[in-house]
Amino acid sequence: MTDRFRNISGSLNALLVLEAVVRHLSFTRAARELCVSQPTISRHIATLEDRLGRSLFTREGNQVAPTAQAQRLAAAVSLGFGHAETAWEAIKLDSGDDEVSIACSFGFAENWLMPRYAGLKRALGKTRLRISTFDRPNLQQMARIDVAVVWDTSLLPDRPSFALFDEEAFPVCSPQYLRQHPGIDSSVEALAATELIHFDVGDSGFITWRLWFAAQGIDYRPPATAHQYDVLPFSMQAVLDGEGVGIGWRYLVDQMLNDGRLVRVGPGVTNREVAYFLQYRKDRRNNDGIQKIITWFKQAIGSQGRD
């Protein structure tokens with residue numbers, strides 16, 4: 001190995017850790033993403049700081065802020081691995097037109113798509129299907145996807161799309177939790193005083209508890225101790241486990257309401273006209289598979305969807 005790469009290669013894992021910490025601004029969230037312990041994250045950062053001879057983060061309590069040097073390194077790592085990932089995917093997709101890719105959020109995949117997955121596979125016949133899940137996709141990720149279920153079409157505005165579902169969100173909890181907290185289904189004030197489960201919607205525009213209560217005429221602010229779940233299935237599992245009340249989106253929680261695992265305990269709120277769109281490539285690659293997915297979605301949403 002040449003001297004040019006010897007120092008870098010010995011720090012590859014630590015550089016990956018650095019990129020994750022800078023992106024999340026949190027050792028804890030970086031550890032969760034990389035499936036390692038927080039002490040492991042701290043050890044890798046300490047290794048980098050020792051080899052570089054300078055601090056990479058300023059720390060105030062539980063908050064971390066990257067230095068300019070850390071941001072520079074993280075940007076280089078992200079760029080380098082982004083190029084590698086693009087090349088990897090291009091090689092994988094170069095096998096022909098017998099594979100089609102679809103992307104959606106974790107919540108949509110678990111609560112709507114996977115219960116219908118067998119029907120989608122039958123509709124595709126011999127065409128292979130590759131599913132990717134991104135709660136906060138970037139342009140690089142979406143550019144190589146054939147079909148995507150998205151809540152914002154502006155990332156790839158040149159791609160055609162059509163609306164799937166109207167947006168409607170409402171409070172839900174387990175039947176057991178409602179029995180233990182009677183009155184939360186008839187009093188907004190009682191609901192505000194109970195244990196609320198929060199889903200971190202980022203900048204997606206999805207309805208939050210603050211928006212929901214605002215529609216009821218109440219100025220609600222989450223307490224500092226409120227736990228934010230990063231993905232919708234985690235927050236819904238907490239609701240199913242009876243830990244509190246969460247916000248459920250129509251079509252994503254319908255089956256759980258129908259089979260009695262969840263109960264609705266408040267009115268619906270709409271923040272915008274459409275919750276989800278199906279967006280797809282308009283070039284000729286995998287065109288047959290794309291058209292099969294479009295047809296299947298239109299049939300699957302049926303009376304649920306929009307004209």
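1. Buried here means under 20% relative accessible area, with exposed over 50% and partly exposed in between (1.4 Å probe, protein chains only). Helices (H or I, at least four residues) and strands (E, at least two) are DSSP runs, numbered from the N terminus. The buried residues of α6 are Gly107, Phe108, Ala109, Asn111, Trp112 and Leu113.

2. Before going on, some housekeeping. This is a predicted model, where local features need pLDDT of at least 70 and side-chain atom pairs count only at pLDDT 80 or more, while totals for chains, interfaces and linings use all residues. Residues are numbered from 1 along each chain as its sequence is written, and side-chain values use heavy atoms, leaving out hydrogens and water.

3. Which residues of α6 meet α14? They are Phe108, Trp112 and Leu113, and on the α14 side the partners are Trp296, Phe297, Ala300 and Ile301. (Contact means heavy atoms within 4.5 Å. Ala, Val, Leu, Ile, Met, Phe, Trp, Tyr, Cys and Pro count as nonpolar, Asp, Glu, Lys and Arg as charged, and the others, Gly among them, as polar.) The two axes come within 14 Å and cross at roughly 60°, so α6 and α14 are oblique to each other. Axes are lines fitted to C-alpha atoms, for helices over the stretch in contact, with angles from 0 to 180 degrees between N-to-C directions. Angles under 35 degrees count as roughly parallel, over 145 as roughly antiparallel, 65 to 115 as roughly perpendicular and the rest as oblique.

4. Now the cores. A nonpolar core is a set of buried Ala, Val, Leu, Ile, Met, Phe, Trp, Tyr and Cys residues joined through side-chain atoms within 4.5 Å. The largest has 57 residues, of which Phe108, Trp112, Tyr276 and Phe297 touch the most other members. Helix α14 (residues 287-301) gives the most to this core, with 6 residues. Apart from it lies another core of 19 residues, including Val17, Val22, Phe57 and Ala70.

5. Helix α4 (residues 38-52) is worth a look too. Its 15 residues reach 21 Å from first C-alpha to last, close to the 21 Å expected at 1.5 Å a residue (the expected span is 1.5 Å times one less than the number of residues). Thr40, Ile41, Ile45, Leu48 and Glu49 are buried in α4, and their cover includes α2 (12-24), α3 (27-34) and β1 (57-60). After α4 comes Gly53, with a positive phi near 75°.

6. How do α3 and α4 cross? Their axes come within 8 Å, at roughly 105°, so α3 and α4 are roughly perpendicular to each other. In α3, Phe27, Thr28, Ala30, Ala31 and Leu34 meet Gln38, Ile41, Ser42 and Ile45 of α4. The residues of this contact divide into 6 nonpolar, 3 polar and no charged.

7. Finally, two loop residues. Thr67 sits between β2 (63-66) and α5 (68-93) and, at 15% relative accessibility, counts as buried. Beyond its neighbours within four places in sequence, Thr67 is in contact with Ser55, Leu56 and Phe57. Ile197 lies in the loop between α10 (188-192) and β8 (198-199) and is buried, with a relative accessible area of 7%. The C-alpha atoms of Ile197 and Ile247, 50 residues apart along the chain, are separated by 7.7 Å.
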